Amino acid sequence: MKIIILGAGQVGTTVAYNLSTEANDITVVDQDSHLLRDLQDRLDIRTVLGQASHPGVLQRAGADDADMIIAVTNSDETNMVACQTAWTLFHTPTKIARVRAPEYLSHPALFSQGALPIDVLISPEQLVTDYILRLIEHPGALQVLDFAGGRVRLVAVRAYYGGPLVGHELRTLNEHLSGAEARVAAIYRKGRAIQPEGHTVIEPDDEVFFVAAANNIPAVMAELRKAEKPFRRLIFAGGGNIGKRLASALENDYRVKIIEHNEEQARRVSEDLHHTIVLQGDAADEDLLLEENIEDTDVFCAVTNDDEANILSAMLAKRLGARKVMALINRAAYVDLVHSGTVDIAISPQHATIGTLLTHVRRGDVVMVHSLRRGAAEAIEAVAHGDKVSSRVVGRAVEDVKLPAGTSIGAIVRGDQVIIAHHDTVIESEDHVILFLTDKRRITDVERLFQVGITFL
């Protein structure tokens with residue numbers, strides 16, 4: 001595909017890196033020549049210097065025959081105008097824009113072909129908020145990702161010594177679940193992917209990805225690790241868009257506190273929320289954390305705009321006794337640095353966002369993509385079309401589908417029915433198939449599987 005990325009910031013750079021490795025024709029537009037030079041040194045892409053919404057700049061970037069524009073500059077207004085320009089002057093088929101301000105997002109009528117012609121709206125703050133909410137809903141999970149409108153979930157957990165299934169073969173998993181079913185999609189042992197087979201034995205500290213119907217997740221987690229008490233007491237460091245959204249969503253069911261450094265922002269947040277305690281102060285202030293009983297806190301989640309402040313405050317909270325700590329981290333190098341360290345979960349807005357973008361880049365009918373393992377792996381939801389003649393998957397049992405190495409089918413959603421995939425499960429037309437790829441470089445082979453042959457068309 002020919003794709004123009006507007007903005008060479010954190011999100012734009014992550015998108016360019018992901019898409020340029022998949023044989024796409026990528027052009028990045030930005031006003032910062034240093035950022036563009038750095039990108040060109042690392043990636044095989046074109047760059048254009050200039051204001052992203054200007055017609056001449058878009059034309060130089062190749063908008064005349066571009067398949068897609070991804071507008072992810074730091075300005076909502078620039079992103080929106082760029083999409084309008086691309087449609088009006090160049091009839092660009094797919095226009096994706098990052099829009100952060102709630103004042104725009106609360107008026108969906110703005111974003112339609114008759115108004116601002118934006119096909120896909122991305123709000124990183126809302127994606128991160130949803131991601132954190134799922135983690136709070138499932139204590140003990142490292143990742144919780146939705147498929148098929150939330151009916152199926154892919155969950156990552158770290159297997160603990162003493163878990164019922166630890167030390168046993170995978171084939172015994174469903175025997176323990178008493179009617180509930182799940183499938184282990186991947187196992188990472190000391191950072192290395194292991195293809196799960198029936199005879200594979202789960203070891204302590206394995207990172208296990210499993211797929212199950214949403215209502216069966218707690219039962220499966222209990223097999224892999226000690227059952228954890230539900231979270232009750234939450235502290236969020238930062239009262240910006242994400243901290244405020246989280247508190248608003250949780251304050252009726254949890255005991256929520258926000259620590260906000262800016263006095264004026266703290267006052268605004270306290271006026272907008274009803275049951276949340278808002279404290280004005282420094283989240284890395286040891287005396288403040290002790291005064292707020294950090295040792296009795298179930299989750300401390302740092303979501304300010306400052307990576308260093310998030311990491312340091314989360315580390316301090318953990319040392320002072322917080323049960324689980326999370327930190328929002330924008331810089332990829334920092335995510336790798338804190339992974340599996342003092343901070344329990346590092347949350348990357350870029351990786352939360354990239355899945356939404358990849359959904360619209362993937363060939364075949366792909367309706368959901370989640371980027372995993374810091375971009376190395378992917379989980380996708382693809383729809384099977386055609387019949388046994390025109391399709392490589394329809395009418396075939398799972399064991400007969402020629403999956404690329406390191407790829408597994410975890411579940412199939414057929415209408416309202418969630419089917420955990422077994423070797424003899426037959427895929428039907430219009431099934432939603434949930435796949436896990438330990439090697440993202442195999443994605444082209446998977447896309448080809450779900451493309452329909454000419455005989456069907």
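Me: Axes are lines fitted to C-alpha atoms, for helices over the stretch in contact, and angles run from 0 to 180 degrees between N-to-C directions. Helices (H or I, at least four residues) and strands (E, at least two) are DSSP runs, numbered from the N terminus. At what angle do the axes of helix 6 and helix 14 cross?

Reply: This is a predicted model: local features need pLDDT of at least 70, side-chain atom pairs count only at pLDDT 80 or more, and totals for chains, interfaces and linings use all residues. Residues are numbered from 1 along each chain as its sequence is written, and side-chain values use heavy atoms, without hydrogens and water. Helix 6 spans residues 124-137, and its axis comes within 9 Å of that of helix 14. The crossing angle is roughly 105°.

Me: Is helix 6 roughly parallel or roughly perpendicular to helix 14?

Reply: The scale is this: under 35 degrees is roughly parallel, over 145 roughly antiparallel, 65 to 115 roughly perpendicular, and the rest oblique. The axes cross at roughly 105°. Helix 6 is therefore, relative to helix 14, roughly perpendicular.

Me: Are helix 1 and helix 14 roughly parallel or oblique to each other?

Reply: Helix 1 (residues 10-20) packs on helix 14 (residues 349-359) with the axes 10 Å apart. The angle is about 50°. The relation is therefore oblique.

Me: Which residues of helix 14 make the contact with helix 1?

Reply: Helix 1 brings Gln10, Val11, Thr14, Val15, Asn18 and Leu19. By class, the contact has six nonpolar, five polar and no charged residues. From helix 14 come Gln350, Thr353, Ile354, Leu357 and Leu358.

Me: How many residues of helix 14 are buried?

Reply: Buried means under 20% relative accessible area, exposed over 50%, and partly exposed in between (1.4 Å probe, protein chains only). Among the buried residues of helix 14 are Ala352, Gly355 and Thr359. Helix 14 has 11 residues, and the buried number is nine.

Me: Which strands are the edge strands of the five-strand sheet?

Reply: Two strands pair if DSSP finds at least two bridges between them. This open sheet has the order 7-8-11-9-10, with antiparallel pairing. Its twist averages 20° from one strand to the next. Pairing on one side only marks strand 7 (141-147) and strand 10 (192-194).

Me: Which residue stands opposite Ile187 in strand 11?

Reply: Strand 9 (residues 182-189) and strand 11 (residues 207-213) run antiparallel and are joined by six bridges. Opposite Ile187 stands Val208.

Me: Which strands does helix 9 touch?

Reply: The sheet here is open, with six strands in the order 14-13-12-15-16-17 and parallel pairing. Neighbouring strands are turned by 15° against each other on average, direction ignored. Helix 9 makes about 165° with the direction of strand 13. It touches strand 12, strand 13 (255-260) and strand 16 (324-328).

Me: Which residues does Ala247 touch?

Reply: Ala247 lies in helix 9 (residues 241-250). It is buried, with a relative accessible area of 0%. Leaving out residues up to four places away in sequence, it touches Phe236, Val256, Ile258, Leu273 and Thr276.

Me: Where is His91?

Reply: His91 is not a glycine, but has a positive phi of about 50°. It is exposed, at 53% relative accessible area. Its place is in the loop between helix 4 (76-90) and strand 5 (94-98).

Me: What is the relative accessibility of Asn293?

Reply: Asn293 is in the loop between helix 11 (286-291) and strand 15 (299-302). Its phi is positive, near 55°, in a residue other than glycine. It counts as partly exposed, at 38%.

Definitions and conventions. Contact = heavy atoms within 4.5 Å. Nonpolar A, V, L, I, M, F, W, Y, C, P; charged D, E, K, R; others polar.
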